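These are my notebook entries on a single protein chain, kept in the order in which I looked things up.

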Amino acid sequence: MSLRLGDIAPDFTAETSEGTIKFHEWLGSSWGVLFSHPADFTPVCTTELGTVAKLRAEFDKRNVKVVALSTDSVTSHHEWIGDINETQKTHVNFPIIADPAFKVSNLYDMIHPEVSDKTTVRSVFVIGPDKKVKLTITYPASTGRNFDEIIRVIDSLQLTANYSVATPANWQHGEDVIIVTGVKDEDIAAKFPKGHTRIKPYLRTTPQPNI
Ligand code: BEZ
């Protein structure tokens, strides 16, 4: 059965390009992003890992630890990292899990047999500090992921974890947000001192409260 939002992200111990990690212990109180790749030395994955390395400061700012997974060996990962650094003009600065026995891949349902019974699809899991799964996305192997979108969702998750708001379609950090319907009209002024707009009884917006 695949993982669903709100499930505890399964814990595991795995070898990575940066040594052995015990996943929950490694996450500590941080948020986490776990994302899988079909294989080492593949072109789309090479660009993805380079992109994530360049975004490291953005993940750090949000207290997010990032870990990739590919089913090849640690030795293979080290060779591939050399290529990624060279071709993407960066320095891979996060661990890549080696999962040749599909231990983690199976735990996280990253093998989709109708696509391939040997390689992982492009899964992404965002995990909260409570170790619960907050987001899952699965992309086809032929489509590189949009990591700006992953960061956008993390911004939304971190905001909505602390305020009674939700974020509208295509929301970007800094834009107005939606007051959840559970907040009564008469309580809005105290909760949202920056003001609000009442477009419909169920659609009330307010400036982003945490900036
Ligand atoms: C790639 O990363 O380039 C890739 C991997 C598997 C299938 C297609 C593309």
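**Entry 1: a helix contact**

I listed the residues through which two helices touch: C45, T46, T47, L49, G50 and K54 in helix 2 meet W80, I84, T87 and Q88 in helix 4. Sorted by class, this contact of helix 2 with helix 4 holds four nonpolar, five polar and one charged residues. I note that the model is predicted.

I then looked up the geometry of the pair. Helix 2 covers residues 43–54 and helix 4 covers residues 74–88; the two pack at an angle of about 70 degrees, and their axes lie 9 Å apart. Since the range from 65 to 115 degrees counts as roughly perpendicular, helix 2 and helix 4 are therefore roughly perpendicular to each other.

Is strand 4 mostly covered or mostly open? I found that six of the seven residues of strand 4 (residues 64–70) are buried, so I record the strand as mostly covered, taking under 20% relative accessible area as the limit for buried.

I next traced the pairing of strand 4. Strand 3 (residues 31–36) runs parallel to strand 4 and is joined to it by six bridges. Within this pairing I noted G32, whose bridge partner in strand 4 is K65. Strand 5 (residues 96–98) also runs parallel to strand 4, with three bridges joining them. Here A68 stands opposite I96 in strand 5.

I looked up an open sheet of four strands and read its order as 8-9-11-10, with antiparallel pairing. Which strands stand at the edges? They are strand 8 (165–166) and strand 10 (197–200); each has a single partner strand, so one side of each is left without a neighbour in the sheet.

Inside the order, I checked how strand 9 (residues 177–179) meets strand 11 (residues 203–206): they run antiparallel and are joined by two bridges. V177 has T206 as its bridge partner in strand 11.

**Entry 2: two buried residues**

I looked up P10, which lies in the segment before strand 1 (13–16). Its relative accessible area is 16%, and P10 is therefore buried. Leaving aside neighbours within four places in sequence, I found P10 in contact with L3, F23, H24, L107 and Y108. I also took one distance: P10 and H91 are 81 residues apart in sequence, and their C-alpha atoms are 29 Å apart in space.

The second residue was S156, placed in helix 6 (residues 147–160). S156 counts as buried because its relative accessibility is 14%. Not counting residues up to four places away in sequence, S156 touches T167 and W171.

**Entry 3: the chain as a whole**

The protein chain has seven helices and 11 strands. It is divided into domain 1 (13–144) and domain 2 (163–206), and the centres of these domains, taken over C-alpha atoms, are separated by 35 Å. I recorded the span of the C-alpha trace along its principal axes as about 60 × 40 × 30 Å.

Technical notes:
Residues are numbered from 1 along each chain as its sequence is written. This is a predicted model: local features need pLDDT of at least 70, side-chain atom pairs count only at pLDDT 80 or more; totals for chains, interfaces and linings use all residues. Side-chain values use heavy atoms; hydrogens and water are left out. Axes are lines fitted to C-alpha atoms, for helices over the stretch in contact, and angles run from 0 to 180 degrees between N-to-C directions. Angles under 35 degrees count as roughly parallel, over 145 as roughly antiparallel, 65 to 115 as roughly perpendicular and the rest as oblique. Contact means heavy atoms within 4.5 Å. Ala, Val, Leu, Ile, Met, Phe, Trp, Tyr, Cys and Pro count as nonpolar, Asp, Glu, Lys and Arg as charged, and the others, Gly among them, as polar. Buried means under 20% relative accessible area, exposed over 50%, partly exposed in between (1.4 Å probe, protein chains only). Two strands pair if DSSP finds at least two bridges between them. Domain bounds come from an automatic or database domain assignment.
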